[in-house]
Amino acid sequence: MMQRAMLPAISTRLLSTALLLLLIPAIALAEPSTEWSLVPAPSAGPARVIGGVAHGCLAGAVRLPDDGPGYQVIRLSRRRDFGHPDLVAFVARLARQAQAAGLAPFYVGDMAQPRGGPLPFGHASHQTGLDVDIWFNLDPKPPLAPAARENVALPSMLRAGLRDIDRRRFGPRQVTLLRLAAADPAVDRIFVNAAIKDALCRGVAGAASGGRDWLRRIRPWWGHDEHFHVRLNCPANSPDCATQAPLPPGDGCDATLAWWRAQKPPLHAAVAPRPPAPKLPAACSAILAAPPA
């Protein structure tokens, strides 16, 4: 397949869509985690989330533009730059707030596929258009051409071999961006590496100043030392969206975090065990087969 970087952005995307349309007859024979990745466009109709973040799908998705004030989308070839309109609006809103705070543009990674659903690699979640990965690299950076976005320098925020942040990389800018994201009312929770959560609890870069309530939404998870993972609340217009259990009270700087500190191997190298994929809701079959928007 011709690489997107070899053509102007618009014609490349059209070419990719045309080639993917040729693959549609094979969808019925594909594995469940592959068939969703082959669908080239969102379904028609209003936006609607069905199921949960690790066993769901998305109708009426919206694509996040490759560039906007305060952000750039990377790894365009994955075609995971779709989401519920609430998610697209959140990214644009956070980017404007970050820009107003004097931060350099951030990189946006995986959101969801055109109709959500299971991904063939990389995530068990990101299936309903309510998840987005945002990278911690806030160094000043020029606009990137499409080809340059496939292999971007994305450094870890942890000290090599240690369970602590690298203060040369993780500091006031990263704390500001996390605080802005956590303050957004659309956000349910944000996943970071446990060492980053630990540093925030210890008040790194003024994290504890002005109150600690925002730390409640910052949750430790495997990996996530290069980026943070934002998950939104279920949209009001999606009654079939499965909500997660409410966050426990408190700022999360408690025995739960102590458990994470004790885990081996080092947290920046650890990967969460991936359980068997749960069955998708029956309504997702209709979303997969629906005509494109």
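Here are a few friendly notes on the disulfides of this predicted model.

1. Some ground rules. Residues are numbered from 1 along each chain as its sequence is written, and side-chain values use heavy atoms, with hydrogens and water left out. Because the model is predicted, local features need pLDDT of at least 70 and side-chain atom pairs count only at pLDDT 80 or more, while totals for chains, interfaces and linings use all residues.

2. The overall picture. Searching the whole structure gives 3 disulfides (pairs of cysteine sulfur atoms within 2.5 Å). Counting bonded cysteines along the chain, the pattern reads 1-6, 2-5, 3-4.

3. C57 to C284. The S to S distance here is 2.1 Å, and the torsion about the S-S bond is about -95°, so this disulfide is left-handed. C57 sits in strand β2 (residues 55-59) and C284 in helix α7 (residues 283-289), so the link ties together parts 227 residues apart in sequence. Helices (H or I, at least four residues) and strands (E, at least two) are DSSP runs, numbered from the N terminus. C57 is buried at 0% relative accessible area, and C284 is buried at 1%. Buried means under 20% relative accessible area, exposed over 50%, and partly exposed in between (1.4 Å probe, protein chains only).

4. C201 to C253. These sulfurs are 1.9 Å apart, and the link is left-handed, with -80° about the S-S bond. C201 belongs to helix α5 (residues 194-201), whereas C253 is in the loop between β11 (227-232) and α6 (255-261), so parts 52 residues apart in sequence are tied together. C201 counts as buried at 12%; C253 is partly exposed at 26%.

5. C234 to C241. This disulfide has an S to S distance of 2.0 Å and is left-handed, with -70° about the S-S bond. C234 is partly exposed at 26%, while C241 is buried at 10%.
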